[in-house]
Every structure is written in C-alpha cells, then in structure tokens.
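Please walk me through this model, one feature at a time.

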Amino acid sequence: MFLADAFKRSLSAQSALVIIGFSFVVCLIGCWATFVLSSRQIEQHTLVQERAYMGERLQIARAIFERIEEAHAAANRRFMSLTEALSDEDVEATFERVFELRDDGTRR
C-alpha cells in the first residue's frame with residue numbers, strides 16, 4: 001500500500017523524500033568514515049604513549065638494578081676485606097660467644 005501511495009504523491013513530495021533519504025545515507029557514510037579514521041588515530045596515539053611509558057619504566061628498572069649491582073659489589077668487597085683481616089682465633093672466639101654450647105650439647 002505504501003508503493004501505491006508513493007505514486008499518488010506530488011513530484012515535490014517525492015523529490016523531498018529522495019533528498020531526505022540520500023542525505024541520510026550520506027550522513028551515515030560520513031559518520032562511519034569519521035569513526036574509522038578517528039579510531040585508527042586514537043589507536044596510533046595510544047601506541048605511541050605506551051611505547052614512551054614502557055621506555056621510561058625500562059630506564060627506571062635498569063637504574064634500580066644497576067644500583068643494586070653496585071651495592072652488592074661494594075658489600076662483597078667489604079665482606080672479603082673483613083674476612084681476610086680475621087684470624088682463626090678471632091673466628092673461633094666469635095663463634096663461641098654467639099653460639100653458646102647448651103646443656104643438651106647443641107649450639108644455638
């Protein structure tokens with residue numbers, strides 16, 4: 001019945017419907033194209049930001065591990081200098097003082 005009514009409408013009404021329909025289709029295509037292009041741009045922007053963030057985190061982690069390695073090396077040098085300076089008698093005396101012999105024969 002809609003088609004039968006469409007043929008009975010005036011030429012200006014039919015032209016208006018065609019223009020409105022065409023405008024609607026063009027608007028939909030424009031909206032879709034804008035969405036696709038902006039989605040790609042947002043994705044690229046996000047990837048750039050994430051790469052920069054990961055680079056900063058990598059530098060921070062690397063700096064932390066370098067400081068830990070330096071501290072560990074310094075502690076090892078200090079420990080070795082202290083142990084080389086000790087005599088066997090000093091080691092035995094310290095062991096006896098720190099780990100006392102208990103009544104049950106154990107040292108704790």
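The paragraphs below take up a surface patch, a charged pair and a ring pair in turn.

This is a predicted model. Begin with the surface. Phe24, Val25, Leu28 and Ile29 form a nonpolar patch there. Ile29 sits in helix H2, which covers residues 11-85. Its relative accessible area is 53%. The cut-off for exposed is over 50%, so Ile29 counts as exposed.

Now turn to charge. Side chains of opposite charge can pair when their charged atoms come close. The structure holds 1 salt bridge. Its partners are Arg107 and Glu96, with the closest N and O atoms 3.2 Å apart. Glu96 belongs to helix H3 (88-98), while Arg107 lies in the segment after that helix, so the pair ties together parts that are 11 residues apart in sequence. How accessible is Arg107? Arg107 is partly exposed, at 32% relative accessibility. Glu96 is partly exposed too, with a relative accessible area of 39%.

Last come the rings. A pair of aromatic rings is described by the distance of the centres and the angle of the planes. The structure holds 1 aromatic pair. Phe95 and Phe99 make it up, with ring centres 5.2 Å apart. Phe95 is partly exposed, at 37% relative accessibility. Phe99 is partly exposed as well, with a relative accessible area of 36%.

How values were computed
Residues are numbered from 1 along each chain as its sequence is written. This is a predicted model: local features need pLDDT of at least 70, side-chain atom pairs count only at pLDDT 80 or more; totals for chains, interfaces and linings use all residues. Side-chain values use heavy atoms; hydrogens and water are left out. Patches are made of residues with over 30% relative accessible area and no salt bridge: like charges are joined within 9 Å, nonpolar side chains (Val, Leu, Ile, Met, Phe, Trp, Tyr) within 5 Å. Accessible areas come from the Shrake-Rupley method with a 1.4 Å probe; for residues, only the protein chains shown count as cover. A salt bridge is a side-chain nitrogen of Lys or Arg within 4 Å of a carboxyl oxygen of Asp or Glu. Helices (H or I, at least four residues) and strands (E, at least two) are DSSP runs, numbered from the N terminus. Buried means under 20% relative accessible area, exposed over 50%, partly exposed in between (1.4 Å probe, protein chains only). Rings of Phe, Tyr and Trp (its six-membered ring) pair if their centres lie within 6.5 Å; planes under 30 degrees apart count as stacked, over 60 as edge-to-face and the rest as tilted.
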